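Open the structure in your viewer and keep the selection tool at hand.

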Amino acid sequence: LGIIGASVLMLGFFLPIVSFFGLISLNYFDLLTKVSARFVTGLVILAIGGLSLFLALKNNLKPLIGTGILALAVLIFDFMTYKKVLAQFAPLGQTGTTGTEGLSGPFGNAEALAGFIMQPGWGMYIMAIGAILLIVAGALTDKQPLDGPDWNRNPPPPMNYS
């Protein structure tokens, strides 16, 4: 589970995380290279995925709980930040503030408009599943290893069929 979760988290760097009107989708790689270098949290997600993969391959599973929680926190922080940035671009009202004055229609405020315009892409859900898999892999109790075969033990006595 740890290897799968870490792999999915690293793959999520290239999956769509933000969708505008369901038509335009951006991933962390696009945000970092095309939009602005401010979106370094995508690199943090990629680094967390790499660290988690390293820990899972070393069979050190308990720290995966922390990396999974950290990945979920970064994903939530990113989505909230993107919504706030989009809400700043909402039409200005008559008083010069962003709010309900300049908006008409079904939207009550700029955050509702931002919620309508920007939805999480399916990659965001995939990365959240990967982070949850990391937490589950770290929380599972380790099974006791089975006793290996004792090759030095004497074989059982032969069966006497007479």
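Select Leu1, Ile132, Val136 and Leu140, which make a nonpolar surface patch of about 340 Å². Areas come from the Shrake-Rupley method with a 1.4 Å probe, and for residues only the protein chains shown count as cover.

This is a predicted model: local features need pLDDT of at least 70, side-chain atom pairs count only at pLDDT 80 or more, and totals for chains, interfaces and linings use all residues. Residues are numbered from 1 along each chain as its sequence is written, and side-chain values use heavy atoms, leaving out hydrogens and water.

Stay on Ile132, in helix H6 (residues 122-139). Helices (H or I, at least four residues) and strands (E, at least two) are DSSP runs, numbered from the N terminus. Ile132 has a relative accessible area of 45%, so it is partly exposed (between buried, under 20%, and exposed, over 50%).

Next, select Ser52 in helix H3 (residues 41-57). Is Ser52 buried or exposed? Ser52 is buried, at 0% relative accessibility. Show Thr67 too: the two side chains make a polar contact at 3.0 Å (N or O atoms within 3.5 Å; within protein, one able to donate a hydrogen and the other to accept it, and residues adjacent in sequence count only if both atoms are side-chain atoms).

Finally, colour the chain by secondary structure: there are 6 helices and 3 strands, in the order α-β-β-α-α-α-α-β-α from the N terminus.

Notes. Patches are made of residues with over 30% relative accessible area and no salt bridge: like charges are joined within 9 Å, nonpolar side chains (Val, Leu, Ile, Met, Phe, Trp, Tyr) within 5 Å. A salt bridge is a side-chain nitrogen of Lys or Arg within 4 Å of a carboxyl oxygen of Asp or Glu. Buried means under 20% relative accessible area, exposed over 50%, partly exposed in between (1.4 Å probe, protein chains only).
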